[in-house]
Amino acid sequence: MKCRMCGGKAVIKLPAHNIGLCSECLILFLRRRVERTIKRLRLLSPGEKILVAISGGKDSLSLWDLLLELGYEAEGLYIDLGIGDYSQKSEEKAVGFAQKRGVGLQIVRVKEHFRGLGIPEIARRAGRAPCSVCGLVKRYLMNQAGKKGGFDVIATGHNLDDEVSFLLSNLLSWQRESLARQAPSLPDRQSLLRKVKPLVLCSEREMAAYAFVRGIDYILDECPYSQGSTSLRYKSVLNKLEEHSPGTKLHFYQGFLKNRSLLKMTGEEPELHPCEGCGYLTPAQICSFCRLRERVLQKV
Ligand code: SF4
Ligand code: ZN
């Protein structure tokens, strides 16, 4: 198979685009794709100070690499979730990348906010699933770090597979509010920083190939709590559909982007007020992070 761009030997076939590419052209192809996604969806403006949420995995480290290559001022934020070996190894990957590229990386530790407790203990004490607690804590700490550091926007490494599995799950249960909020860019609102997802049109497989050809050292292990999650189930169903009809995921997501305005009209946005504990915007009197902290720390 020949590379569609340069005619050399292709190393990867991308059935969704009906092309084969060599390593060098794959890098250019994905760089252009991300550049166009940013422009078309108006995700970032030149000169903005970007905080990239880094998990140590292929998507977030590749996103950081791509943004730096595209000339953006992008610093990393690693949140240590306190999930044993997994957190330790992923932190090493994040630190390794930052050192190699000579770029800034902030590290925030969940344990410092919860008197020595990590996500597994917090979840146990709160009687909730680790992922639901983790999502809440990550969103809060990410926003706090972004605000404190004077960043304009937070960028996350959600890829096409993440977005279509979330979309499918929202559609199957007709989560209207979630559907209305699902977007490649969430605008800033007072204490909430703007959030963008520049990889929404790049598949998981493309990002793994990108990380490989760019020599990015990322954590291969998955978080132990991701086993058997519904999002993995939806991803596997979507992969089967993609196998039969390449391009299904991309069409599904692009169709969603085109029709989002219809959903916006039906989605009811809750009114937000500053939390009495910390000032973070919330539909309740006290935000869910402060409520979680109070509940969990009472038992320490
Ligand atoms: Fe957090 Fe769950 Fe993701 Fe693990 S799988 S990092 S617990 S959200
Ligand atoms: Zn609060």
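Biologist: What is the N to O distance in the salt bridge where the side chains of Lys58 and Asp59 meet?

Modeller: This is a predicted model, where local features need pLDDT of at least 70, side-chain atom pairs count only at pLDDT 80 or more, and totals for chains, interfaces and linings use all residues. Residues are numbered from 1 along each chain as its sequence is written, chains are lettered from A and ligands numbered from 1 in the order in which they are written, and side-chain values use heavy atoms, leaving out hydrogens and water. A salt bridge is a side-chain nitrogen of Lys or Arg within 4 Å of a carboxyl oxygen of Asp or Glu. Between the side chains of Lys58 and Asp59, the N to O distance is 3.2 Å.

Biologist: Are Lys58 and Asp59 buried or exposed?

Modeller: Buried means under 20% relative accessible area, exposed over 50%, and partly exposed in between (1.4 Å probe, protein chains only). The areas come from the Shrake-Rupley method, and only the protein chains shown count as cover for residues. Both Lys58 and Asp59 are buried.

Biologist: Which residue meets Lys89 in a salt bridge?

Modeller: The N to O distance of the pair Lys89 and Asp221 is 3.0 Å. The two are 132 residues apart, with Lys89 in helix α3 (residues 84-101) and its partner in the loop between α9 (204-213) and α10 (230-244). Helices (H or I, at least four residues) and strands (E, at least two) are DSSP runs, numbered from the N terminus. Lys89 is partly exposed because its relative accessibility is 36%, and its salt-bridge partner is Asp221.

Biologist: How many residues apart in sequence are the parts tied together by Glu204 and Lys235?

Modeller: The closest N and O atoms of the salt bridge between Glu204 and Lys235 are 3.4 Å apart. Glu204 lies in helix α9 and Lys235 in helix α10, so the pair ties together parts whose separation in sequence is 31 residues.

Biologist: How many salt bridges does the structure hold?

Modeller: Some are linked in a network of Arg31, Asp65, Glu69, Arg101 and Arg214. The count of salt bridges in the structure is 17.

Biologist: How far apart are the end C-alpha atoms of α1?

Modeller: The expected span of a helix is 1.5 Å times one less than its number of residues. Helix α1 has 18 residues and so should span 26 Å. The computed separation of its end C-alpha atoms agrees, at 26 Å.

Biologist: Which residues gather in a patch of positive charge on the surface?

Modeller: Patches take residues with over 30% relative accessible area and no salt bridge, joining like charges within 9 Å and nonpolar side chains (Val, Leu, Ile, Met, Phe, Trp, Tyr) within 5 Å. Lys and Arg count as positive, Asp and Glu as negative, and His and the chain ends are not counted; a charge is placed at NZ of Lys, CZ of Arg, CG of Asp or CD of Glu. One member, Arg40, lies in helix α1 (residues 23-40) and is exposed because its relative accessibility is 66%. The patch is made of Arg32, Arg36, Lys39 and Arg40.

Biologist: What is the phi of Arg42?

Modeller: Most residues other than glycine have a negative phi. Arg42, in the loop between α1 and β3 (49-54), is exposed because its relative accessible area is 72%. Its phi is positive, near 50°.

Conventions. Areas by Shrake-Rupley, 256 points an atom, 1.4 Å probe, with all protein chains shown as cover.
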